[in-house]
Amino acid sequence: MLRKKLPFLHSLLSPVSRHVGHLAGHQYDVIVVGGGHAGTEAAAAAARVGAETLLITQKIHTIGALSCNPSLGGVGKGQLVKEVDALDGLCGRAGDWAGIHFSILNRRKGPAVWGPRAQLDRQRYRDFIQSELLSTPRLTVLEGSVEELLVTEPNPEEPGHHRVTGIRLANGSHAISARSVVLTTGTFLSGSLFVGQTTSPGGRIGDAPSSPGLSHTLRERLGLRTGRLRTGTPPRIVKDSVDLSLAKLHLPDSHPTPFSFLNTHTHCKPEEQLPCYLTFTTPGVERVVRESLQLNCHIQQDTKVFVSHRYCPSIESRVLRFPGRSHQVWLEPEGVTSDLLYPQGLSMTMPPDIQLRLIREIPPMRRAEIHTPGYGVQYDFVCPTQLSPALQVKSTQGLFLAGQINGTTGYEEAAAQGLWAGANAARWALSMPTVTLSRTESYIGVLIDDLVSRGVTEPYRMFTSRAEFRTSLRPDNADLRLTPKGFEEVGCVSSVRYQESLRVRNSLQDALTALQALFLSTSSWKKKLPSVPISETKSTLLTGLDLLQYNDVTFEMLASAFPESLSSYMEFAQRLKIEAVYKPHCDLNKKEIERIQREENMSLPQDIDYFSLPVSLSDEVREILDRVRPSTLGAATRLEGITPAAVVNLLNYVRVTEKKKETYPSSYLQRNSNPVSDMTVSSIKLHVTFSVLLLFIIMWPSSSAEPLVKKPKGNFQKG
């Protein structure tokens, strides 16, 4: 079905790209610039919300291309994919169609930090994305390069210094109007490619960078702070030239787990999945790196470019930072029929002949041949603290940014931002209020809040340790958390998906009620489940939900013992097991989340003059608050350099100001600038100090993979 649609896609879009003149007079609601993961999700989401949307990309046939690694998901990243799918995004279903090696990472740990992941067939993934965009109502795709943004005076009733009104194409002859614009330029914004000592303009090998006029508009016309980031890719290796018998075989899961909540199985059958292989670097790799440093300008540069040592490192950076170590290299297939391997972990920018020397220092690749050399990319990004939680530029009405332009790395982070920016751009264009996601309800909320509150000093990558309430934000319950919100509040979820989520929610609730209704003594449970080590020394009563928390108890066992009340819920067996295990955690989390939401949602006026604010704040804190201008108290608590004492003083000011407005008329406030008594101020301070300090303790991210909470009786980690 998908393959039949694609020829029609190209026959439809090619004439559009040749005759763009008629678009100049058309008023679009949303224009999305860029056809990568962020751009495709943004365009599709905007159209689903109801906006007439135009997607502009340099090359139509590269829409949905996997520019770097042919994989999707992972620890933290898999959670993002599940949440994008819960909001009716594309990448989860595309992954289920194109996946050729499915696995759950972190399986030895609790389900909250499991990482759904899949190796992908590049062509299948691109085919699916292009087919989905073709079938999306209200979406037009145009081939072209954007030269600049059209900007005019702002709407005086809205905050901001400018208002975007459309774009101008690179040939200078066509201006296309829109009420809002989403920039998803990826690595193409003033991009430069590096191989050895050779530098050339580009955002991806074989593709030109974005027009320099776009960067100029952002910096000079809109006054946005920008910086440079870098990333890299490994060489592509000819599969037949590698001796895979010398690498460790890594098989996929025998039962593939789909990304999408709408799918019960993957397109690739279990027996058709392909394996991956694990090998390691040798001392010879380190020797080659050190001998070739003078030939590698990408690594030698140490000026204004931020280098990511931790999250997306090249093999050169890893060798220099961790001398004497052996590093993992995963040999991954690029497709069912592809003759190439992707050596994950060997990103490099040295000259091609040196790259060949390096890979041949690894035993399975002693005779390997390079099909395409690795290369580095440097590109412009916009400091994301200049964005609102809706991913709109604070100073420019109608302008939204998503993906690597905001300082992130990875397909999943880009897709998540793209969906949210696209949905909000559509709502803005249709005169609806923009919406936000709290970090207490989603990983997408954590991602966006980290970006707009803290900014980046290196490409941002999602980890489960960034989420304070990860026991509640599990990959298995993303549909319950986000699909109703996506339908009822955002408008980006179809009624079909919404009705399915309601069915699942109601069925799970009915099943949990049925489990709690099974109320037996320990001796009775022992008779029902003789193989389970249930202690009979305590004469306590346990419910079926209590029993399901035990390691050795499965829902299937309970359904076998009580078929009349439980057998109809067998399709939710694993989800019910996870719900039971995490119920004690989630009950504790729920109270804390509700309290934190009350505190962190306290709005901070955007017109506050922090430099003249009559409260005790250091000059450094005032500069940070003035530069970032956090929209809520919760956002202020997470700013680097903001102390608990500063937040307490800030909260005192906001609450006292609110108290004044509630208690005294405006005429009295004009005559008396401080009508609230010292006793009132003191009581407010006493009330909020402990609350804010506790908020800091709870909201501060843990570096561990699992939260520090007491484990329930059914320690799932060993189950």
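1. Helices here are DSSP runs of H or I with at least four residues, strands are runs of E with at least two, and both are numbered from the N terminus. Please keep in mind that this is a predicted model, in which local features need pLDDT of at least 70 and side-chain atom pairs count only at pLDDT 80 or more, while totals for chains, interfaces and linings use all residues. Residues are numbered from 1 along each chain as its sequence is written, and side-chain values use heavy atoms, with hydrogens and water left out.

2. Now α12 itself, residues 443–454. Its end C-alpha atoms are 16 Å apart, in agreement with the 16 Å that its 12 residues should span at 1.5 Å a residue; the expected span is 1.5 Å times one less than the number of residues.

3. How many of the 12 residues of α12 are buried? The count is 11, so the helix is mostly covered; buried means under 20% relative accessible area, exposed over 50%, and partly exposed in between (1.4 Å probe, protein chains only). Among the buried ones are Y443, I448 and D450. The buried residues pack against α3 (77–86), α11 (411–429), α20 (619–628) and α21 (633–637).

4. The largest nonpolar core holds 108 residues, and I31, L149, L183, L218 and L399 have the most contacts inside it. Such a core is a set of buried Ala, Val, Leu, Ile, Met, Phe, Trp, Tyr and Cys residues joined through side-chain atoms within 4.5 Å. Helix α11 gives the largest share, 11 residues. Domain 1 (23–232 + 379–460) and domain 2 (236–376) both contribute residues, so this core lies between them; the domain bounds come from an automatic or database assignment.

5. Take L183 as an example. Beyond its neighbours within four places in sequence, L183 is in contact (heavy atoms within 4.5 Å) with residues including V33, L149, L218 and I405. Another core, of 27 residues, lies apart from the 108-residue one, and L558, F562, Y569 and F572 are among its members.

6. Finally, a loop residue: N69 sits between β2 (53–57) and β3 (71–73). Is N69 buried or exposed? It counts as buried, because its relative accessibility is 19%. Leaving aside neighbours within four places in sequence, N69 is in contact with R122, Y342, Q344 and Y411.
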